[in-house]
Amino acid sequence: MVITEIMNVVLPVFLLLGVGYVVGKSLKINSKSVSDLCLYVFSPALFFHSVTTSSLNLGDLGKILLFSFSLFLLYVLLIEGLSFIFKWNLTYKNTLMLASGFPNSGNYGLPIILFAFGDAGLSVAVIYVVMQSLLMNSAGIFYASNHGSVSKKEVFLNIFKMPGFIAVFIGIMLKVFNVPLPVIIEHSAGLLGQAAVPTLLTLLGITLASVQLKNVVKFLGIATFLKLIGYPAIAFLLLGLFYPWGSPEASILLICAATPTAATTTLLAIKFKMNSDMVSSAMFVSTMGSVVTIPLLLFFII
């Protein structure tokens, strides 16, 4: 039963990727233009709508915020340590961070949480997704645009200029200060946001149509192992400091952390010319691998 439900979530993802792949092989599509449309319109609208319409509990917000940032910081330290040991250059290290350091806890994780834990679990997961969106639109932009030839000042300015970061920040402020949102804005953001996920997945398929996997097999192995095994392993060790084991909150956050590479990382890689073929390939391979790892995780914790 669990495997059937998980496949019902994962297979539509592969179907949209397949559509994009066929389009990429048969038509001359400017993926940069589609990427910019997602990055500047659809994704910010999705982030804004998700934050402003969620039932955020400020008490849980603080705890999950701390967990999310602590997990990300520990993972950064792991990557820095591995980079020092294996002497990775800056571009390779940052590409690996994009390909393995940002879980797809939103359009992949939320349906799984809803199936496994119901609406109560979804309210916990949404808070984590909001924090991941904030990380994606700050640290993700940093890693995507930090090529070495770009000044640190310009890298940090890129964060505050991106609509995704602005949308998440404004959304959180509106929730914290309980500012009502006009219905016309809420509905408009919702409609635009609905276009984000299918466009993102189709774009990934278009990008994959030009990927030569044989050139990045070693990278894909490292990125997939770190995302599906390393990242959730750190989350597992860290969660004991925040929630008692066996609690729904601990299980939900572990599943969110164990999801594959986020689709938005490819948009950032395309935008800032940071090995988008490698990042999109890692997203695809980790999503395939998660068909095995996520059901196994659910089997042990439910």
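Which helices each supply at least two residues of the lining of the largest cavity? I found α2 (31–53) and α13 (264–271). Helices here are DSSP runs of H or I with at least four residues, numbered from the N terminus.

**Ground rules.** I am working from a predicted model, where local features need pLDDT of at least 70, side-chain atom pairs count only at pLDDT 80 or more, and totals for chains, interfaces and linings use all residues. Residues are numbered from 1 along each chain as its sequence is written, and side-chain values use heavy atoms, with hydrogens and water left out.

**Cavities.** Grid points are joined across faces, edges and corners, and a volume is the space filled by probe spheres set on the points. I get two cavities of 30 Å³ or more.

Helix α2 gives the largest share, four residues. I sorted the lining by class: five nonpolar, four polar and no charged residues. For this, Ala, Val, Leu, Ile, Met, Phe, Trp, Tyr, Cys and Pro count as nonpolar, Asp, Glu, Lys and Arg as charged, and the others, Gly among them, as polar.

The second largest cavity also comes to about 40 Å³. I list Val13, Asn104, Asn107, Tyr108, Leu201, Met283 and Thr287 around it. That makes four nonpolar, three polar and no charged residues.

**Thr264.** Thr264 lies in helix α13. Is it buried or exposed? At 11% relative accessibility, Thr264 counts as buried (buried is under 20% relative accessible area, exposed over 50%, partly exposed in between, with a 1.4 Å probe and protein chains only). I then checked contacts, meaning heavy atoms within 4.5 Å. Leaving out residues up to four places away in sequence, Thr264 touches Phe47, Met136 and Leu200.

**Largest pocket.** A pocket is an open set of points with protein on both sides within 12 Å along at least five of seven lines. The largest holds about 770 Å³ of space. It has 33 lining residues, and Leu46, Ser50, Gly106, Leu110 and Val129 lie nearest its centre. Two or more residues each come from α2, α5, α9 (183–194) and α10 (196–208). Helix α5 gives the largest share, nine residues. I count 16 nonpolar, 17 polar and no charged residues there.

**Core.** A nonpolar core is a set of buried Ala, Val, Leu, Ile, Met, Phe, Trp, Tyr and Cys residues joined through side-chain atoms within 4.5 Å. The largest has 86 residues; Phe67, Leu71, Phe72, Tyr128, Tyr143 and Phe219 touch the most other members. Twelve core residues, the largest share, come from helix α5 (residues 109–136). I picked Leu71: beyond four places in sequence, its contacts are Tyr128, Tyr231, Ile234, Ala235, Leu238 and Ala257.

**Helix α12 and cysteines.** Nine of the eleven residues of α12 (residues 248–258) are buried, so this helix is largely enclosed by the rest of the structure. Among the nine are Ile252, Leu253 and Cys256. Cys256 has a relative accessible area of 0%, and Cys38 also has 0%. I searched for disulfides, pairs of cysteine sulfur atoms within 2.5 Å. The count is zero.

Technical notes
1 Å grid on protein atoms, 1.4 Å probe; cavity = no way out; pocket = protein on both sides within 12 Å on 5 of 7 lines; lining within 4 Å.
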